[in-house]
Amino acid sequence: WGQYASVPSVRCVDGGSKMIAWPRIVLFGDSITQFAFEADGWGATLADRLIRKCDVINRGLSGYNTRWAKVVLPRLITRDSEAENTIAVVIFFGANDCSLKDENPQQHISLVEYGENLKSMLQYLKSVDITEDKIILVTPPPLEESAWEQQCLAKGSNLNRLNSVAGEYAQACVQVARNCGTSVLDLWTLMQEDKQGFSSYLSDGLHLSKKGNNFVAAQLWSLLEKKLNALPVLLPYWADVNQQNPEASLLDDSAQK
């Protein structure tokens, strides 16, 4: 189980008792994030790894692009929503922004605006004291066009995304991260380094398969590990709870276990 410790911070609630303020990670993205808590999802894997150390909050919004995301972000993360306990934010948009304008104008966002929207979200997070070192940008993954075209045709539309265009948005995401000093996970590039091809990372040409979810979880953990590995397990191990006086163990906010 590793190191056990008292909680890092508490706050008083009605009646004078102290509510545990758990550290948290926020995952903010589109459907690839919304689906991340499904069985074998990359978000579920991170949450399991961090159980009793840190809450993993899923704020995935299927179908959203960065234009809508920047509008809703201040409703999801504020100083009053425990921003001080937020130790990491993962921003994972681009798969909808890169839709072809002629085929999917509702979700399409121009390449220039996409970069500006990412910058806007980073600036907002900084304004609520979530600094660059706590933020990870994730690029859209590559697109397997033949598989995704079948999905489009089944819905009565033409192919509405291209892998080469997704790559342009991925490059823009990487550039924003470099300019702003955040970490970045370039999925578009990394997944295509697989000599056996990247299609096995995707379930339908766009969304992640089990292998793709495992890949994202592993890559994200490599970026998060240094920030999170030292987090203690919160509250005492059950065998260490004082049987005669459990309050002494469970309400002690200072003693290390």
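Before the first stop, one cut-off: a residue is called buried when its relative accessible area is under 20%. Phe-93, with a relative accessible area of 1%, is therefore buried. Keep in mind that this is a predicted model.

**Zoom out**

Start with the cartoon of the whole chain. The secondary structure comes to nine helices and nine strands. Along the principal axes, the C-alpha atoms fill a box of roughly 70 × 40 × 30 Å. Of the 257 residues in the chain, 46% are buried. Now think about contacts between residues at least 6 apart in sequence: 75% of them join residues at least 24 apart.

**Select the sheet**

Colour strands E4 to E8. In what order do the five strands of the open sheet lie? Reading across, you get E5-E4-E6-E7-E8, and the pairing is parallel. Strand E5 (55-60) and strand E8 (183-185) stand at the edges with a single partner strand each, so one side of each has no neighbour in the sheet. From one strand to the next, the twist averages 20°.

Next, pick out E6. How many of its seven residues are buried? Six are, so to speak mostly covering the strand up. On one side, E6 pairs with E4 in the parallel sense over six bridges. To see one of them, select Arg-24 and its bridge partner in E6, Thr-86. E6 is also joined to strand E7 (residues 135-138) by four bridges, and these two strands run parallel as well. Show Val-89 with Ile-135 of E7 opposite, then Phe-92 with Val-138 of E7 opposite.

Bring H4 into view. This helix packs on the sheet and touches E4, E6 and E7. The direction of H4 makes about 170° with that of E6.

A search of the whole structure turns up six aromatic pairs. Two of the rings to pick are Phe-28 and Phe-93: their centres are 5.0 Å apart and their planes at 75°, so this pair is edge-to-face. Where do the two partners sit? Phe-28 lies in strand E4 (residues 24-29), while Phe-93 is in the loop between strand E6 (86-92) and helix H4 (111-127), so the pair ties together parts that are 65 residues apart in sequence. Phe-28 is buried, with a relative accessible area of 1%, and the value for Phe-93, also buried, is 1%.

Now go to Trp-42 and Phe-92. Here the ring centres are 5.9 Å apart and the planes at 50°, so the pair is tilted. Trp-42 belongs to helix H2 (residues 42-49) and Phe-92 to strand E6, so this pair ties together parts that are 50 residues apart in sequence. Trp-42 is buried at 0% relative accessibility, and Phe-92 is buried at 2%.

Select Gly-212, which has its place in helix H8 (residues 210-228). Is Gly-212 buried or exposed? At 0% relative accessibility, Gly-212 counts as buried. Show what it touches: leaving aside neighbours within four places in sequence, Gly-212 is in contact with Met-191, Ser-200 and Tyr-201.

The charged end of Lys-211 sits over the ring of Tyr-201, 4.8 Å from the ring centre.

**Last stop: the cysteines**

Select the cysteines and look at the sulfurs. How many disulfides are there? The count comes to zero. Take Cys-152 as a worked case: a disulfide needs two cysteine sulfur atoms within 2.5 Å. The closest cysteine sulfur to that of Cys-152 is in Cys-98, 11 Å away, which is too far for a bond. Cys-152 counts as buried, at 3% relative accessibility. Finish on Cys-54, which is buried too, at 4%.

Key: Residues are numbered from 1 along each chain as its sequence is written. This is a predicted model: local features need pLDDT of at least 70, side-chain atom pairs count only at pLDDT 80 or more; totals for chains, interfaces and linings use all residues. Side-chain values use heavy atoms; hydrogens and water are left out. Buried means under 20% relative accessible area, exposed over 50%, partly exposed in between (1.4 Å probe, protein chains only). Contact means heavy atoms within 4.5 Å. Rings of Phe, Tyr and Trp (its six-membered ring) pair if their centres lie within 6.5 Å; planes under 30 degrees apart count as stacked, over 60 as edge-to-face and the rest as tilted. A charge sits over a ring if NZ of Lys or CZ of Arg is within 6 Å of the ring centre and within 35 degrees of the ring normal. Two strands pair if DSSP finds at least two bridges between them. Axes are lines fitted to C-alpha atoms, for helices over the stretch in contact, and angles run from 0 to 180 degrees between N-to-C directions.
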